[in-house]
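Please look over the sequence and the fold before reading on. A short tour follows.

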Amino acid sequence: MKYIHKINNEINDNCYNLLIRGEAFRIGGQSKRRTNGSIDEQKIAFESINKNIIHPLKEKYSKINIYVDIVVLSKEKQELIKKWFSELKDIKIIHIHKYVLETQIKTLEQSLMLIKNNYPILIIRIDTVFKVKIPFNKMSNTYFYVPFHGKFGPRINDIMIQIPKKSLFIFKKALKYNK
């Protein structure tokens, strides 16, 4: 019995979730943003995610589960997004909304509800162009990674967040209490 349990743990430790979220085709600042931006710019962001996030993850993990939870207003652009992502093999869910929820906390909670397993997760924004490959082979999936920045002191940057397996339950629970 212990031997089977050990084999299952080894398999599970080589699995990883990627959540791609946010507003596609986004233009404008925080209070003036719209989702009717350039198709070419969003395509560049999509290609950079594929090249610099998805491919390096596949080099490290035997199984990648990709979840897409995004906002796209126009039907034409929704179909375009579906087409781009359907070309990827590891897509589990593509969930497209027409409107943004009131707060980042609510959108994060809603996005994480799509994921039913407990593997480590990387959360990235769909409107971000990643210019270099993320060195996942040098990163541990047991740590919480969040980039910090800010002119007036450190602030959490929501472009990329890794939540380790051991913290996922607590993170989801904290989202529910922070509404």
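Predicted model: local features only at pLDDT ≥ 70, side-chain atom pairs only at ≥ 80, totals over all residues.

Residues are numbered from 1 along each chain as its sequence is written, and side-chain values use heavy atoms, with hydrogens and water left out.

**Overall fold**

The chain has five helices and seven strands. Here helices (H or I, at least four residues) and strands (E, at least two) are DSSP runs, numbered from the N terminus. Read from the N terminus, the order is α-β-α-β-α-β-α-β-β-β-β-α. The chain holds 179 residues, and 41% of them are buried. Buried means under 20% relative accessible area, exposed means over 50%, and partly exposed lies in between (1.4 Å probe, protein chains only). Among contacts in the chain with a separation of 6 or more, 74% join residues 24 or more positions apart. A contact means heavy atoms within 4.5 Å.

**The cores**

A nonpolar core is a set of buried Ala, Val, Leu, Ile, Met, Phe, Trp, Tyr and Cys residues joined through side-chain atoms within 4.5 Å. The largest one has 28 residues, and L18, I20, I53, I81 and I124 touch the most other members. Two or more residues come from each of β1 (15–23), α2 (39–60), β2 (63–71), α3 (75–86) and β4 (121–125). The top contributor is α2, with five residues. Another core, of 14 residues, lies apart from it and includes I121, V146, F171 and L175.

I20 touches I49, I66, Y67, V68, D69, I70, F85, I124 and I126, leaving out residues up to four places away in sequence.

**Two helix pairs**

Axes are lines fitted to C-alpha atoms, for helices over the stretch in contact, and angles run from 0 to 180 degrees between N-to-C directions.

| Pair | Angle | Axis distance |
|---|---|---|
| α2 and α3 | about 25° | 12 Å apart |
| α4 and α5 | roughly 135° | within 9 Å |

Angles under 35 degrees count as roughly parallel, over 145 as roughly antiparallel, 65 to 115 as roughly perpendicular and the rest as oblique. So α2 is roughly parallel to α3. By the same rule, α4 and α5 are oblique to each other.

The crossing of α2 and α3 is right-handed, while α4 passes α5 in a left-handed crossing. Left-handed means that the near helix is turned anticlockwise from the far one by less than a right angle, and right-handed means clockwise.

Where α4 meets α5, the residues are I105, L108, E109 and L112 of α4 and F171, K172, L175 and K176 of α5. Five of these are nonpolar, none polar and three charged. In this scheme Ala, Val, Leu, Ile, Met, Phe, Trp, Tyr, Cys and Pro count as nonpolar, Asp, Glu, Lys and Arg as charged, and the others, Gly among them, as polar.

**Two residues**

L18 is found in strand β1. Its relative accessible area is 0%, so L18 is buried. Beyond its neighbours within four places in sequence, L18 is in contact with I53, I54, L57, N65, I66, Y67, L122 and I124.

N117 sits in the loop between α4 and β4. N117 counts as buried because its relative accessibility is 18%. N117 and N17 are 100 residues apart in sequence, yet 8.7 Å apart in space, C-alpha to C-alpha.
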